[in-house]
Amino acid sequence: MTTQNPKQFLISIPKWILICALIGILSGSASAFFLVSLEWVTQFRIHHNWIIWLLPFGGFMVGLSYYYWGESVAKGNNLLLEEYENPKKVIPFKMAPLVLLGTLLTHLFGGSAGREGTAVQMGGAIADQFTKFFQIDNSERRILIILGISAGFASVFGTPLAGAIFALEVLYFSKINFKSILLSFLVAYAAYFTVEFWEIKHTHYSIPVVPELSLNNIIFTLIVGVLSGFAALLFSRSTHFWGSLFSKNIKYPPLRPVIGGVVLAIAIAGFGFTKFSGLGVPVIVESFSNPNQWYDFILKILFTGFTLGAGFKGGEVTPLFFVGATLGSALSTVIPMPIALLAGIGFVAVFSGATHTPIACTIMGMELFGIAPGIFIAIACTIAYFSSGSVGIYKSQIVKGAKYKLYQRLNSNF
């Protein structure tokens, strides 16, 4: 964690408050537009299921747009992480409209993807433009990238505390100073309240019954945490596997989502797997009250990994919520704990394992479900974090600390 001269810090406060306000308003408004548009394309697809057969056409449009105009921003979230660790040049603003269009096309035609990546990339691209306007050097560009990630995450999920911490933790608090921390929270709330101003509603979840903190319940929670970590590991490896397979065997990038779209359209529309297309929010909500099939979380991993690996756009986090919630829901048939609690624990624990962010995920769980299940959530998120392997969904993320040391030791022993 870096330090800064107190006098310089005080002088810079007005400038950074203005920057936070602008980034929060712009990123929050972008997320609001994205959420409204995403809901529209999702409803259109639900009421016109035949459109899934056009998924190869949608994939071709996504592939062409990135091939001709988006090569410099194709890395998505990984580009943000790389620019933070080693600042070189300002992230092109075109990242925002390209990922917005690509994600909407993916969801319109029925691909399995999320939304966090889109909001974070829009926020990052918007934030980094202030490098030019305020003549910010590379060391302070890192703050802008933090602010973009924080604003995007907080606004798209309606969780400002988790958004602020996620932006810091996903970077492993590397090169963070006190100013970065304060500003991350400030911009998260600015973006969150901007979405509230536009009257955009987020999905609400509930855990009505929380059992006592007994030894048996702690053991059950540990089991759910381990299984969530394994699910996160499978999700990350699946996404990387399909991406590598497509890139090695199909040399013309726009053709990758076309071929992937053909396979997905046949699987989703031809075999009736429509509940695995798009975000899957209705399935997530249902999992809090009714047990899912044991294989639902595996199929979501398969469909999402294939969709993103083929070159379609969107995030990974909502599919991770789907995987975790359906896993926890299915476990309710063998673990004697309330189904809503198990679904909620899995919801955030799989996310924790896949992004190496147990603190942010614990906070997010309490923002979404309340304080009461907090201890169960914290235990599961921590265990999932340690049991999910050394590689997460973001290839450019640097993993350090206790987890890094654990896997270094394990690798040296084997």
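**Pockets in a predicted model**

Biologist: Which helices each supply at least two residues of the lining of the largest pocket, and which gives the most?

Modeller: Six qualify: helix H2 (55-69), helix H3 (77-85), helix H5 (116-128), helix H10 (215-249), helix H11 (255-270) and helix H13 (296-309). Helices are DSSP runs of H or I, at least four residues, numbered from the N terminus. With six residues, the top contributor is H10.

Biologist: What should I know about the model and its numbering?

Modeller: This is a predicted model: local features need pLDDT of at least 70, side-chain atom pairs count only at pLDDT 80 or more, and totals for chains, interfaces and linings use all residues. Side-chain values use heavy atoms, without hydrogens and water, and residues are numbered along each chain from 1.

Biologist: How much space lies in the largest pocket?

Modeller: A pocket is an open set of points on a 1 Å grid over the protein atoms alone, where a 1.4 Å probe fits, with protein on both sides within 12 Å along at least five of seven lines; lining residues have an atom within 4 Å of a point. Volume is the space filled by probe spheres set on the points, joined across faces, edges and corners. For the largest pocket that is about 970 Å³.

Biologist: Which residues are closest to its centre?

Modeller: The largest pocket is lined by 36 residues. Closest to the centre are Ala74, Lys75, Leu308, Gly311 and Lys313.

Biologist: Which helix gives the most to the lining of the second largest pocket?

Modeller: This pocket has a volume of about 610 Å³. Its lining has 32 residues, Glu39 and Thr42 being among the closest to the centre. Eight residues come from the leading helix, H1.
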